[in-house]
Amino acid sequence: MEASAEQPAPQPPHRHPHPGDHCIHDGDFVVLKREDVFKAVQVQRRKKVTFEKQWFYLDNAIGHSYGSTFEVSNGGSLQLKKKKEEPTSETKEAGTDNRNIVDDGKSQKLTQDDIKALKDKGTKGEEIVQQLIENSTTFRDKTEFAQDKYIKKKKKKYEAIVTILKPSTRILSIMYYAREPGKINHMRYDTLAQMLTLGNIRAGNKMIVMETCSGLVLGAMMERMGGFGSIIQLYPGDGPVRAATACFGFPKSFLHGLYEFPLNKVNSLLNGTFSAELLSSEPKASAPVEESNGEHGEKQISEQTDEECSAEAPESNPEGQRATESVPQDPENKEPKEKGNKRDYIQEKQRRQEEQRKRHLEAAALLGERNADGLIVASRFHPTPLLLSLLDFVAPSRPFVVYCQYKEPLLECYTKLRERGGVINLRLSETWLRNYQVLPDRSHPKLLMSGGGGYLLSGFTVVSDNLRADPSLKSCASTLDSHEAEEPAAKKQKCVGSGS
């Protein structure tokens with residue numbers, strides 16, 4: 001209570017320079033929703049968007065508030081759909097049961113040619129559904145529940161309805177888990193929520209994250225921290241993958257506290273052999289990396305826009321772009337511009353290399369302090385070597401959370417941590433999730449449910465005897481010893497017995 005009272009509550013920065021943050025603007029990242037299907041795209045004028053086998057433009061959505069529902073008309077334009085209040089007092093004509101209904105394909109008078117003619121005339125989907133109901137000979141004989149099911153099915157087929165939502169951790173995690181669970185290591189959205197809670201992610205923290213979930217865990221941490229504090233992302237390979245992070249649409253102020261550090265330099269940092277020369281000694285190897293990292297944001301944005309349509313798009317598009325950019329194919333057009341463009345390209349590449357080198361040095365300085373407020377690990381690699389090495393950067397009495405799709409690697413990690421010491425309150429857990437259908441007189445658990453959302457290993461760091469021998473932790477140990485020396489010994493009080 002005292003610590004919270006001393007620090008004034010900071011005001012979060014605005015996400016957009018526009019006064020109405022609840023409105024859709026050009027360049028914003030949004031999530032399209034139709035029934036239970038989601039897709040993350042960027043709003044751009046005159047850019048064709050394909051969603052659920054339909055294409056349209058998002059120009060007319062600019063200026064409307066998030067959560068608005070639109071209907072796709074002819075030509076791919078969006079028209080705002082107003083909600084109509086259906087009278088509840090109206091009694092529907094329905095049958096008692098469906099025993100006499102035979103699905104012989106002759107109950108519908110409208111043929112496919114008639115429906116196609118209605119579409120060509122520009123008839124709205126709502127009117128087509130109404131004509132299907134009127135021309136069905138068995139609709140009135142169905143029960144009320146069967147009628148609602150029939151209407152819902154026909155609306156999904158003929159009505160082109162799209163709802164535009166604001167990106168959030170819950171929406172994006174549901175989208176990834178439903179469409180491409182392999183990209184996030186099959187991490188379910190309730191498991192991600194447990195990670196954020198167990199890791200004590202909050203504003204002002206200094207967090208370390210190692211994840212290979214397309215940047216979803218990183219984006220969830222950035223959203224919860226609200227642009228306050230610092231996050232150090234450890235990445236394998238050439239550079240960090242932040243396709244899901246780009247879908248959040250964070251402002252530039254959120255990126256000031258985001259640092260990245262290569263995972264292959266962690267051992268040198270722990271041994272004390274890390275220096276600036278290690279980063280500058282690999283200019284040739286880092287040249288193609290810098291080329292890709294310089295256009296990292298734009299490529300990931302375009303990659304994420306198309307990755308929900310096909311599984312191959314995110315992996316093939318960046319490589320194809322790099323190949324076309326690095327290898328000139330038309331010598332006639334390239335010769336006059338080659339000298340100037342090549343000089344600018346080299347200067348831009350050197351500037352990007354220097355910026356990345358500075359960011360790596362800043363991340364190394366933050367890691368070298370070894371006072372991080374928490375550690376989050378969610379990768380496809382074995383968690384034991386990662387956790388044992390990264391725990392040295394975490395301050396005592398701080399939480400750590402490790403995610404793995406399987407239980408056996410975490411069991412091994414649990415055993416190694418118990419042998420090593422320096423941690424308490426170790427807990428290996430699995431979350432269980434079941435969805436329910438909530439409708440009048442029809443509320444029940446859904447027949448299909450998720451088989452598993454992964455496993456979590458959580459705990460807290462403490463200072464143990466074997467860790468006190470580490471020279472980097474002598475300051476912590478001496479501080480603790482000084483507090484123990486200053487504390488006076490408890491005095492024994494004499495108990496004077498009563499004479500009575």
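This is a guided tour of the structure above, one selection at a time.

The model is predicted, so local features need pLDDT of at least 70, side-chain atom pairs count only at pLDDT 80 or more, and totals for chains, interfaces and linings use all residues. Residues are numbered from 1 along each chain as its sequence is written, and side-chain values use heavy atoms, with hydrogens and water left out.

**Whole chain.** Show the protein chain as a cartoon: there are 18 helices and 16 strands. Helices (H or I, at least four residues) and strands (E, at least two) are DSSP runs, numbered from the N terminus. Of the 500 residues, 41% count as buried, where buried means under 20% relative accessible area, exposed over 50%, and partly exposed in between (1.4 Å probe, protein chains only).

**The sheet.** Next, select the seven strands of an open sheet with mixed pairing, in the order β10-β9-β8-β11-β12-β16-β13. Two strands pair if DSSP finds at least two bridges between them. Look at the edges: β10 (258-262) and β13 (423-430) each have a single partner strand, so one side of each is left without a neighbour in the sheet. From one strand to the next, the twist averages 15°. Axes here are lines fitted to C-alpha atoms, for helices over the stretch in contact, and angles run from 0 to 180 degrees between N-to-C directions.

Zoom in on β13 and β16 (residues 455-461), which pair in the antiparallel sense over six bridges. Here I424 stands opposite F460 in β16.

**A helix across the sheet.** Select α15 (residues 383-390), which lies across β8 (206-211), β9 (230-235), β11 (374-378) and β12 (399-404). The helix runs at about 165° to β11.

**The cores.** A nonpolar core is a set of buried Ala, Val, Leu, Ile, Met, Phe, Trp, Tyr and Cys residues joined through side-chain atoms within 4.5 Å. The largest has 38 residues, and those with the most contacts inside it include L172, M187, M195 and I376. Elements giving two or more residues to this core include α5 (169-179), α6 (189-198) and α7 (216-225). α7 gives the most, with seven residues.

Select M195: leaving aside neighbours within four places in sequence, M195 is in contact (heavy atoms within 4.5 Å) with M187, I376, V377, A378, V401, Y403 and L456. A second, separate core of 33 residues includes L367, L390, F393 and V394.

**Last stop.** Find T143 in the loop between α3 (125-134) and α4 (144-158). Is T143 buried or exposed? T143 is buried, with a relative accessible area of 17%. Not counting residues up to four places away in sequence, T143 touches A94, G95, T96, D97 and N98.
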